[in-house]
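Subject: Structure handover

Hello,

The structure we discussed is below, with its sequence. My notes on it follow.

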Amino acid sequence: MNRFAVVLCFALLPLQVSRAQDVGTLAGVVTDQVTGAPLGGARVTVPGTRFTVTTGPDGRFVIDGVPTGQVTVRVIRIGYGSSEQTLTVLAAGTTSADFQL
């Protein structure tokens with residue numbers, strides 16, 4: 001029984017490795033469109049997914065593990081409105097997306 005479990009684990013390992021390569025990272029900065037100042041506390045989401053982060057005080061954000069392909073990214077901050085971009089996420093890479101609100 002133990003040998004079977006070990007063989008099964010090794011047989012499924014390539015599936016997990018290939019799945020890991022089907023994701024990428026989104027990163028960027030959110031700024032005030034008038035002053036250019038970074039906007040901390042903005043919410044960055046990929047609608048329809050579990051991916052949601054809040055920008056840091058420097059306006060920067062990073063979202064890891066985003067599935068590859070086209071995604072919509074939405075940014076919103078109270079008092080500033082919202083913005084959306086459609087981006088193409090590449091496998092094992094970082095896609096940049098900067099927003100001005």
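Along the sequence the protein follows the pattern α-β-β-β-β-β-β-β-β, which comes to one helix and eight strands. Helices (H or I, at least four residues) and strands (E, at least two) are DSSP runs, numbered from the N terminus. This is a predicted model: local features need pLDDT of at least 70, side-chain atom pairs count only at pLDDT 80 or more, and totals for chains, interfaces and linings use all residues. Residues are numbered from 1 along each chain as its sequence is written, and side-chain values use heavy atoms, with hydrogens and water left out.

The sheet

Four strands form an open sheet in the order β3-β2-β5-β6, with antiparallel pairing; two strands pair if DSSP finds at least two bridges between them. At the edges are β3 (52-54) and β6 (81-89), each of which pairs on one side only. On average, neighbouring strands of this sheet are turned by 20 degrees against each other, direction ignored (axes are lines fitted to C-alpha atoms, and angles run from 0 to 180 degrees between N-to-C directions). Strand β5 (residues 69-77) pairs with β6 in the antiparallel sense over nine bridges. T72 stands opposite T86 in β6.

The whole chain

Of the 101 residues in the protein, 30% are buried (under 20% relative accessible area, 1.4 Å probe, protein chains only). The accessible surface (Shrake-Rupley method, 1.4 Å probe) comes to about 6500 Å², and 56% of it belongs to carbon and sulfur atoms. Among contacts (heavy atoms within 4.5 Å) between residues at least 6 apart in sequence, 52% join residues at least 24 apart.

Regards

Definitions and conventions. Buried means under 20% relative accessible area, exposed over 50%, partly exposed in between (1.4 Å probe, protein chains only).
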